[in-house]
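Welcome! Let us take a friendly walk through this structure, one step at a time.

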Amino acid sequence: MKPESQPPSTPTNAPHQCPPTPCHTCQEFTLAEAVANGERDWSKATDCRVLRKGHQEAGECLDQKAG
């Protein structure tokens with residue numbers, strides 16, 4: 001008798017993995033940037049992007065996708 005072969009792993013039979021939890025601080029900077037853009041405050045929007053990038057590069061970011 002032949003041993004049964006396992007089907008290849010596909011998204012339908014792979015173990016469920018939750019997406020990484022977004023970093024709350026990054027979300028706050030992103031929201032503040034969107035508000036600043038809506039108010040046409042380009043300087044403040046730029047500040048938000050710089051602060052978010054600095055936060056991510058400092059290793060403080062909890063988001064696994066950040067970089």
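How are H1 and H2 oriented to each other, roughly parallel or roughly antiparallel? Keep that in mind while we look at the whole chain, which comes from a predicted model. The protein chain has two helices and zero strands. Helix H1 covers residues 24-38 and helix H2 covers residues 42-57.

Now for the question. H1 and H2 pack at an angle of about 165°, and their axes are 8 Å apart. Angles over 145 degrees count as roughly antiparallel, and H1 and H2 are therefore roughly antiparallel to each other. As for the handedness, H1 passes H2 in a left-handed crossing.

Which residues meet where the helices pack? On the H1 side they include Cys26, Phe29, Ala32 and Glu33, while those in H2 include Trp42, Ala45, Cys48, Leu51 and Arg52. Sorted by class, the contact of H1 with H2 has eight nonpolar, five polar and four charged residues.

Next, look at the loop between H1 and H2, where you will find Arg40. Its phi is near 60°, a positive value in a residue other than glycine. Is Arg40 buried or exposed? Arg40 counts as exposed because its relative accessibility is 66%, and the cut-off for exposed is over 50%.

Of its 67 residues, 15% count as buried. The accessible surface of the protein chain comes to about 5,800 Å², with 56% of that belonging to carbon and sulfur atoms. Among contacts with a separation of 6 or more, 47% are between residues 24 or more positions apart.

Methods. Residues are numbered from 1 along each chain as its sequence is written. This is a predicted model: local features need pLDDT of at least 70, side-chain atom pairs count only at pLDDT 80 or more; totals for chains, interfaces and linings use all residues. Side-chain values use heavy atoms; hydrogens and water are left out. Helices (H or I, at least four residues) and strands (E, at least two) are DSSP runs, numbered from the N terminus. Buried means under 20% relative accessible area, exposed over 50%, partly exposed in between (1.4 Å probe, protein chains only). Axes are lines fitted to C-alpha atoms, for helices over the stretch in contact, and angles run from 0 to 180 degrees between N-to-C directions. Angles under 35 degrees count as roughly parallel, over 145 as roughly antiparallel, 65 to 115 as roughly perpendicular and the rest as oblique. A crossing is left-handed if the near helix is turned anticlockwise from the far one by less than a right angle, and right-handed if clockwise. Contact means heavy atoms within 4.5 Å. Ala, Val, Leu, Ile, Met, Phe, Trp, Tyr, Cys and Pro count as nonpolar, Asp, Glu, Lys and Arg as charged, and the others, Gly among them, as polar. Accessible areas come from the Shrake-Rupley method with a 1.4 Å probe; for residues, only the protein chains shown count as cover.
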